[in-house]
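Work through the exercises below with the model open. Each task is followed by its solution.

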Amino acid sequence: KSLGLSADKLVVEMARVGGSYGGKMWMSQTAAAAAGVAALHFKRPVLVTLDRSVDMLSLGGRPACELEWSVSFDQDGALAKLTETVNADVGVYGDYAVGFSATSLNVYNVSWLSGGAHLKTNTVNTTSSLNSIMRAPGEFQGCLFVEAVIEQVARELGVDPTQVQEKNMEATVRPVWDKLKSSADYSSLRAAAEKFN
């Protein structure tokens, strides 16, 4: 569209694709359009190279998400069944939605839930541009969501969120968790915070 030409009149050659958290693969249209317009105008090859600072400035952060969830748990904080539905704003880039829905919410293993888990991501196209491409689309949100669930369960039970985390932690993770908790002197810091507050 930028050149006013049909696709069969264009040949695109790219030395490599990757880096910049996927931006070169998914969001290179602006640089490509600029190179194309200049090449057509000057009737000669044009190379557009973005340095790292410009590349990073083009990253706008992760897409906005809305979460609805429900969870069942016992008095010890053991989660039984989890249902999460996410609406993710993927802007006008419909193709990007595939990558987001493939990873969002599935980042954490919920196989230990006795009642199972129902995790769903709805990608919503809007008139806004996508915030940005980034490493592991949807995975940060997935981690944040499950931690929000754990914190709310802890509030309901009136306990430290780490107790709920430990009750639902996979056995293979526990030795590392215990070591980090000890080296950080978590219990003393938690007690000091509660005394201060």
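D178 is partly exposed, as its relative accessible area is 35%; buried means under 20%, exposed over 50%, and partly exposed in between (1.4 Å probe, protein chains only). The model is predicted: local features need pLDDT of at least 70, side-chain atom pairs count only at pLDDT 80 or more, and totals for chains, interfaces and linings use all residues. Residues are numbered from 1 along each chain as its sequence is written, and side-chain values use heavy atoms, with hydrogens and water left out.

**Exercise 1. Salt bridges around R174**

Task: Which side chain meets R174 in a salt bridge of 2.8 Å, N to O?

Solution: 
- Start with the rule: a salt bridge is a side-chain nitrogen of Lys or Arg within 4 Å of a carboxyl oxygen of Asp or Glu.
- The partner is D178, at 2.8 Å from N to O.
- R174 and D178 both belong to helix α7 and sit four residues apart, about one turn of the helix.
- An α-helix has 3.6 residues a turn, so residues three or four places apart point the same way.
- R174 also bridges to E166, where the closest N and O atoms are 3.7 Å apart.
- Now check cover: R174 is partly exposed at 30% relative accessibility, while E166 is buried at 18%.

**Exercise 2. Helix α7 and what follows**

Task: How many of the 10 residues of helix α7 are buried?

Solution: 
- The number is zero for residues 174-183, so helix α7 lies largely in the open.
- Helices (H or I, at least four residues) and strands (E, at least two) are DSSP runs, numbered from the N terminus.
- Step just past α7: D185 takes a positive phi of about 55 degrees.

**Exercise 3. The largest nonpolar core**

Task: Which residues make up the largest nonpolar core?

Solution: 
- A nonpolar core is a set of buried Ala, Val, Leu, Ile, Met, Phe, Trp, Tyr and Cys residues joined through side-chain atoms within 4.5 Å.
- The largest has eight residues: V71, L79, L82, V149, I150, V153, A154 and V164.
- β2 (79-91) and α5 (139-157) each supply at least two of its residues.
- α5 gives the most, with four residues.
- In soluble globular proteins, nonpolar side chains tend to be buried together.
- Follow V164: leaving out residues up to four places away in sequence, V164 touches G77, I150, V153, A154 and V159. Contact means heavy atoms within 4.5 Å.

**Exercise 4. A glutamine in helix α6**

Task: Is Q165 buried or exposed?

Solution: 
- Locate Q165 in helix α6 (residues 161-167).
- Q165 is buried, with a relative accessible area of 16%.
- Beyond residues up to four places away in sequence, Q165 touches E147, I150 and W177.

**Exercise 5. The whole chain**

Task: How many helices and strands does the protein chain have?

Solution: 
- The protein chain has eight helices and three strands.
- Their order from the N terminus is α-α-α-β-β-α-β-α-α-α-α.
- Of the 197 residues, 23% count as buried.
- The protein chain exposes about 13100 Å², and carbon and sulfur atoms supply 56% of that area.

How values were computed. Areas by Shrake-Rupley, 256 points an atom, 1.4 Å probe, with all protein chains shown as cover.
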